[in-house]
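Let us read a protein structure together, one feature at a time. Please keep the sequence and the 3D view at hand.

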Amino acid sequence: PVLVVDFGAQYAQLIARRVREAQVYSEVVPHSMPVEAMLAKNPAAIILSGGPSSVYADGAPSVDPALFGAGVPVLGICYGFQVMAQALGGDVAQTGLSEFGGTVVDVCEAGVLLANTPSQQSAWMSHGDAVHRAPQGFRVLATTAGAPVAAFENREQRLFGVQWHPEVKHSETGQTVLEHFLYEGAGLAPDWTPSSIVDDQVALIREQVGSARVICALSGGVDSAVAAALVQKAVGDQLTCVHVDHGLMRAGEVEQIERDFVASTGVRLIVRDEKERFLTALAGVTDPETKRKIIGREFIRVFEDAQRQIIKDAGEAGEDVKFLVQGTLYPDVVESGGGEGAANIKSHHNVGGLPDDLQFELVEPLRALFKDEVRAVGRELGIPEEIVGRQPFPGPGLGIRIIGEVTEHNLDILRRADAIAREELTKAGLDQEIWQCPVVLLADVRSVGVQGDGRTYGHPVVLRPVSSEDAMTADWTRLPYETLAVISTRITNEVREINRVVLDVTSKPPATIEWE
Ligand code: XMP
């Protein structure tokens with residue numbers, strides 16, 4: 001892999017993504033990892049990320065200079081660039097002139113990194129210190145007003161560095177610079193593609209699973225669907241999928257799993273209809289956290305029950321059920337390796353996120369992938385676009401999109417309104433632009449309206465369209481007024497119980513994406 005050494009900035013994952021966009025596999029590692037451990041991973045190249053520190057600050061993170069003599073191509077970015085300059089004998093100084101945001105870079109020599117790029121280009125900067133003198137043997141490629149050395153390289157030793165952030169889209173030639181490093185600087189080939197990922201994963205799953213049986217909880221979301229399809233491709237009939245129908249899905253979703261997913265993958269699927277059970281457990285409950293806990297708890301009970309049945313049946317057939325598939329993604333893996341202590345804002349319940357005391361070994365074929373890569377793999381496997389292209393949908397489903405009590409009646413109202421909003425957003429070609437658009441029923445709120453000369457006293461629904469890269473932060477999507485108007489008119493005409501449609505124009509933070 002290409003290792004991205006994380007110096008504690010929020011940019012390391014982004015760098016890893018950009019490297020993968022260049023079809024080269026990359027992984028993030030903490031800067032505290034010893035150089036021997038990094039080299040033991042047999043890296044094809046190493047990229048040092050930006051970071052919040054000054055190389056002169058007390059306890060400033062650094063790397064063992066041995067890294068630069070190991071014969072592995074290295075690219076230093078921002079703080080990583082300064083760490084590199086300092087370790088190799090260059091000068092890093094506080095210029096007193098910080099550069100933040102878009103900055104003009106003057107190219108003095110193209111070299112490998114800046115070949116065929118404009119002699120003046122705009123780049124995204126965020127630094128206080130600057131490199132004043134490049135280490136011996138390095139050629140200076142570019143300067144800015146605040147950074148006498150803004151890029152350098154030593155072609156023979158395959159060491160490269162830039163002061164700006166090539167991983168950020170605001171850097172005009174960012175992706176080009178990264179690709180020059182990967183392809184020319186490090187001599188790598190762009191061969192990490194969806195089909196190569198499928199081949200690799202299928203081989204790994206076969207090796208791990210052998211002839212044992214495997215269980216998978218299928219939520220209807222992209223991740224569990226793609227994970228299941230990979231396992232199905234690898235070990236076929238050894239896999240049994242379970243879908244727990246908690247009655248909190250949107251219109252048509254359960255049917256879609258039963259019909260489209262099974263048809264395209266040939267997976268063996270058990271659907272447990274547990275609508276009554278969930279509704280009973282949720283009766284009278286309005287507190288968001290209580291709802292989440294109840295849904296999570298009931299889900300686990302039902303799934304364990306289904307598991308026992310599968311194990312019993314397999315036992316009678318003399319087979320061994322040993323594995324459980326989970327759709328864990330790469331950001332979860334990186335985050336769980338990177339320190340605890342985040343505040344518990346909401347009890348996220350992942351359908352498929354099961355208790356720790358399971359007697360199963362986990363199969364996690366998506367552990368190395370970002371969401372968009374999971375989608376690409378899903379398409380490669382022939383899973384229908386309706387499933388692969390689906391926007392995120394929370395495990396607790398519509399249960400946390402009803403402010404008030406979750407009843408059959410309220411679910412029915414919300415399902416009809418949600419179906420209209422989704423249909424119109426798709427029709428307007430906006431699915432790519434929005435991350436997701438929860439439709440929230442304010443079942444506890446009523447307002448006065450007038451329709452056909454008569455007074456109405458109905459409920460509002462809220463449209464919550466958001467744009468986001470990773471759901472950690474989000475902005476409200478500026479939907480065209482015409483689309484909003486059509487959605488509003490259709491919902492109030494077609495869903496009798498609703499007489500008002502309102503738009504949520506809050507970013508995250510301070511609000512979250514879901515209302516509960
Ligand atoms: P919030 O509301 O925390 O949501 O801003 C961030 C993203 O996570 C989704 N979400 C969930 N997904 N189980 C899930 O699988 C959950 O319990 C859950 N709660 C929120 C939400 O839809 C958004 O994409």
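Q: Leaving aside neighbours within four places in sequence, which residues is Cys78 in contact with?

A: Two residues are in contact if their C-beta atoms, placed from the backbone, lie within 7 Å. By that rule, and leaving aside its neighbours within four places in sequence, Cys78 is in contact with Gly50, Ser126, His127, Gln163 and His165. Please note that this is a predicted model, in which local features need pLDDT of at least 70 and side-chain atom pairs count only at pLDDT 80 or more, while totals for chains, interfaces and linings use all residues. Residues are numbered from 1 along each chain as its sequence is written.

Q: Is Cys78 buried or exposed?

A: A residue is buried if 20 or more other C-beta atoms lie within 10 Å of its own, exposed if 12 or fewer, and partly exposed in between; the C-beta atoms are placed from the backbone. Cys78 has 25 other C-beta atoms within 10 Å and is therefore buried.

Q: Where is Cys78 found?

A: Helices (H or I, at least four residues) and strands (E, at least two) are DSSP runs, numbered from the N terminus. Cys78 is in the loop between strand S4 (74-77) and helix H3 (79-87).

Q: Which residues does the UniProt annotation "active site" cover?

A: UniProt positions are given here in the numbering used for this model, feature names are shortened, and annotations may be inferred rather than shown by experiment. The annotation, from an unreviewed entry, covers Cys78, His165 and Glu167. They span 90 residues in sequence, yet no two of their C-alpha atoms are more than 10.9 Å apart, so they gather at one spot.

Q: What is Glu167 in contact with, leaving aside its neighbours within four places in sequence?

A: Its partners are Tyr11, Leu14, Ile15, Arg18 and Gly174. Glu167 lies in the loop between strand S9 (159-162) and helix H4 (174-185). Because Glu167 has 27 C-beta neighbours inside 10 Å, it counts as buried.

Q: Why is Lys275 classed as partly exposed?

A: Lys275 is partly exposed because 16 other C-beta atoms lie within 10 Å. Lys275 belongs to helix H8 (residues 275-282).

Q: How many residues of domain 1 are in contact with domain 2?

A: Domain bounds come from an automatic or database domain assignment. Here the assignment gives domain 1 (2-185), domain 2 (194-388) and domain 3 (401-503). Five residues of domain 1 are in contact with five residues of domain 2. On the domain 1 side, H1 gives the largest share, three residues.
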